[in-house]
Amino acid sequence: MKKLLLLPILALSLAACDEDKTDDYPPMVTEMAVMESDASGSISRFTTDGGRTLSLVTPYTDVTPGALWRFLIGYVLERDGRATIYSLERVVVVRDSTALADVRHDPVGFVSAWTGGRFVNLHLTPKTKGGTQTWGYVREGDYTNLQGGTTYRVALHHRQGSDQPAYSAETYVSLPVDSINARASAADSIQLTLATFAGQRTVTLPCVAQ
């Protein structure tokens, strides 16, 4: 299975809407999605968390071959069924950090959490000065839930590092359910605990979107 990369593809050149002709454009849709490059290093489509695969009007080329990326994508569905991308926002995909010797739980601002596709997603507002912060998750056990499935207990690993907490930044974080259990069903869930500026917070979300 390919690993989702944690960094942006490259400085993508995005089209800009003409404010004088907004009535000519269909509404822009914003969704979490995964992009995959082929063996030649081209991206010609993306798949949303709802399971819809859309071809791009203008494919991206000269990227890392055979890799996956995750973005919050703003796009317009054209009349021919293809998509034109107008915005891309990187999504941090967290990996299992349980084996790290120095796990941190530095606080963040919490906005929301939800399950989309095979991901548990967080909308956070960490404080930053434009530096680098480290993200991951730590396994803390599991138990049988009332639905007869398994609830996996995890904690967000967040290291502020040397990045000064100057201002809040919108950040989206995704935890791949398959990295916990590739066979997780609708009866299974993830109980995620994170440190926030308002204190510890725990959210429990289904492994499969309802």
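Strand β12 (residues 171–176) is largely enclosed by the rest of the structure, because six of its six residues are buried, where buried means under 20% relative accessible area, exposed means over 50% and partly exposed lies in between, for a 1.4 Å probe and protein chains only. Strands here are DSSP runs of E with at least two residues, helices are runs of H or I with at least four, and both are numbered from the N terminus. The cover extends to both faces of β12, with T171, V173 and L175 buried on one side and Y172, S174 and P176 buried on the other.

This is a predicted model, in which local features need pLDDT of at least 70 and side-chain atom pairs count only at pLDDT 80 or more, while totals for chains, interfaces and linings use all residues. Residues are numbered from 1 along each chain as its sequence is written, and side-chain values use heavy atoms, with hydrogens and water left out.

The neighbours of β12 can be followed through strand pairing, which requires that DSSP finds at least two bridges between two strands. Strand β7 (residues 119–125) pairs with β12 in the antiparallel sense over six bridges, and V120 has L175 in β12 as its bridge partner. β5 pairs with β12 in the parallel sense over three bridges, and here V92 stands opposite V173 in β12.

β4 is itself mostly covered, since nine of its ten residues are buried. R70 lies in this strand, which spans residues 68–77, and R70 is buried, with a relative accessible area of 2%. The side chain of R70 makes a polar contact of 2.8 Å with the side chain of D49, and another of 2.8 Å joins it to the side chain of S174; a polar contact is a pair of N or O atoms within 3.5 Å, and within protein one must be able to donate a hydrogen and the other to accept it, while residues adjacent in sequence count only if both atoms are side-chain atoms.
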